[in-house]
Amino acid sequence: MDLFEKLYRMTAIQDIIDHPQILLMLLIAFFLLYLGIKKQYEPLLLVPIAFGMLIANFPGGQMGVVKIDESLTLYQIAKEHGIMNFVYYSLIKTGFLPPIIFLGVGALTDFGPMLRNLRLAFFGAAAQIGIFTVLISAVAFGFDLKEAASLGIIGGADGPTAIYTTIKLAPHLLGPIAIAAYSYMALVPVIIPLVVRFTTTKKELLINMKQQDKLFPSKRPIKNLQTLKIIFPIAVGTIVALLVPSSVPLIGLLMFGNLIKEIGATTGRLYKAASDTILNAATIFLGLAVGATMTTKAFLNMETILIIVGGFIAFAISIAGGIMSVKVYNLFAKKKINPLIGATGLSAVPMASRVANDIALKHDPSNHLLQYAMASNISGVIGSAVAAGVLISFLAG
Amino acid sequence: MDQLSTALTLLGIGMITVFVVLLLVVLTGNLLIRIVNNLSSDEGTPPSGKDDPGVIAAITAAVEIVTQGQGRITKIEPKN
């Protein structure tokens with residue numbers, strides 16, 4: 001009988017009976033796995049996050065991230081609190097993984113479309129308005145400034161940036177903010193058309209970017225794009241480092257990743273490592289560890305609901321902000337711009353651009369604006385990282 | 001109230017900083033285009049890889065090695 005009792009105690013069943021809220025967390029994890037696997041919503045990140053959440057919520061597994069005395073050595077953390085806490089406190093809490101992911105993103109980014117349409121980069125700035133307006137609203141709702149900034153950064157639509165900012169400002173909110181950021185990024189094909197429907201007219205959506213280019217051709221066509229693509233990341237990295245040093249961990253590695261891609265064969269091995277092995281390994285550890293922060297205690301509370309709602313509002317305002325800035329521009333410019341270009345000013349590369357392109361093609365089958373959308377989309381990545389740098393500079397410490 | 005005024009300040013500073021940084025990125029990009037264009041025109045137009053027999057031979061040899069003789073080139077186009 002004693003043996004059976006020991007066997008029963010070995011399982012997690014009694015703990016789950018004692019704490020039934022665990023079941024709710026497991027259901028949420030299963031639902032997120034369903035979204036990632038079956039619906040293919042950002043599966044590369046949602047699947048590790050959901051699985052991390054699943055294994056973190058089984059009692060006794062020591063896979064949930066807990067608040068610990070940070071003066072412990074990494075060896076002590078691993079020994080006393082399990083390997084997931086080791087991963088979290090060494091790779092996430094130190095802010096190591098998000099910049100590493102930016103390195104990989106940089107290696108996969110092509111600045112060509114942005115260089116060909118530089119003026120469209122401004123709409124990547126306008127689309128950051130959601131970050132700051134939600135920051136203000138969140139403060140009004142009772143969040144402190146650091147928490148509000150972490151919530152607002154969801155509006156930047158950039159997962160690593162949201163995670164990096166939250167680690168620096170409000171690490172206790174990391175789980176729900178990461179889930180909100182990645183869920184809304186996955187829902188870009190739903191959110192952008194929704195905002196576009198309420199903020200644009202059919203006439204505006206019919207603005208054909210290629211026709212506008214023919215009517216008003218570029219005064220300065222690029223003669224040597226390859227050389228330009230090599231110099232550009234060095235120049236941008238330098239400018240950002242000079243003006244907003246706190247965003248350098250993100251922008252610096254983004255630009256370095258891009259540089260080793262553009263140099264070509266001589267740095268081909270570095271490019272391959274950054275865009276493949278390093279990015280994939282970082283994504284796995286980031287996803288699992290962020291998921292493991294979502295334990296019942298950290299996740300099932302009013303703050304999480306407010307973060308989910310606030311994140312959506314930040315997202316929607318950012319898209320609307322980009323669209324409105326194009327509308328204002330069109331009031332004064334001869335060469336008109338399709339407002340969908342503004343809608344892609346938030347990050348979420350390249351999905352936002354693809355969605356904008358699809359909407360444009362629905363209204364005019366000849367209106368391929370993917371390349372134009374990518375220009376503001378990529379500048380949005382820079383814009384959101386700079387916004388994050390500003391928030392960290394002012395609020396961290 | 002203090003927090004709200006700090007949040008409003010952050011809205012102003014944040015948006016201005018993002019605009020200024022991207023403005024500088026645009027200006028730098030335009031300057032670089034101008035410089036690179038000038039240097040490129042000084043060097044003359046480089047021969048197109050499509051028509052250069054040396055380039056075609058190099059590509060053919062590379063494809064031969066990588067595909068172990070199984071690959072076939074049907075089209076050569078500049079990437080950009």
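**A loop and its setting**

Reply: Of the 397 residues of chain A, 56% count as buried; here buried means under 20% relative accessible area, exposed means over 50%, and partly exposed lies in between (1.4 Å probe, protein chains only). This is a predicted model, in which local features need pLDDT of at least 70, side-chain atom pairs count only at pLDDT 80 or more, and totals for chains, interfaces and linings use all residues. Residues are numbered from 1 along each chain as its sequence is written, chains are lettered from A and ligands numbered from 1 in the order in which they are written, and side-chain values use heavy atoms, with hydrogens and water left out.

The setting comes next. Chain A has 24 helices and zero strands; helices (H or I, at least four residues) and strands (E, at least two) are DSSP runs, numbered from the N terminus. A compact globule of 397 residues would have a radius of gyration near 21 Å, and the 22 Å of chain A agrees with this. The radius is taken over C-alpha atoms, and the globule rule is 2.2 Å times the number of residues to the power 0.38. Along its principal axes, the C-alpha trace of chain A spans about 85 × 50 × 40 Å. Among contacts in chain A between residues at least 6 apart in sequence, 76% join residues at least 24 apart, where contact means heavy atoms within 4.5 Å.

Val349(A) and Pro350(A) are joined by a cis peptide bond, with omega at about -5°. Ala348(A) lies in this loop as well, and its phi is positive, about 50°, although Ala348(A) is not a glycine. Most residues other than glycine have a negative phi, and most peptide bonds are trans. Ala348(A) is buried, because its relative accessible area is 7%.

Gln62(A) is found between helix H4 (43-56) and helix H5 (74-81). Gln62(A) also has a positive phi, about 55°, without being a glycine. With 42% relative accessibility, however, Gln62(A) counts as partly exposed.

A further loop, between helix H17 (225-243) and helix H18 (248-263) of chain A, holds Ser247(A). At 1% relative accessibility, Ser247(A) counts as buried. Leaving out residues up to four places away in sequence, Ser247(A) touches Val240(A), Gly252(A), Ala385(A), Val386(A) and Gly389(A).

Ser40(B) lies in helix H1 (residues 2-43) of chain B and is buried, with a relative accessible area of 11%. Apart from neighbours within four places in sequence, Ser40(B) is in contact with Lys223(A) and Asn224(A).

How confident is the predictor? The mean pLDDT of chain B is 81, and 81% of its residues reach 70 or more; pLDDT is the predictor's confidence in each residue, from 0 to 100. For the complex, the predictor gives an ipTM of 0.85 and a pTM of 0.83.
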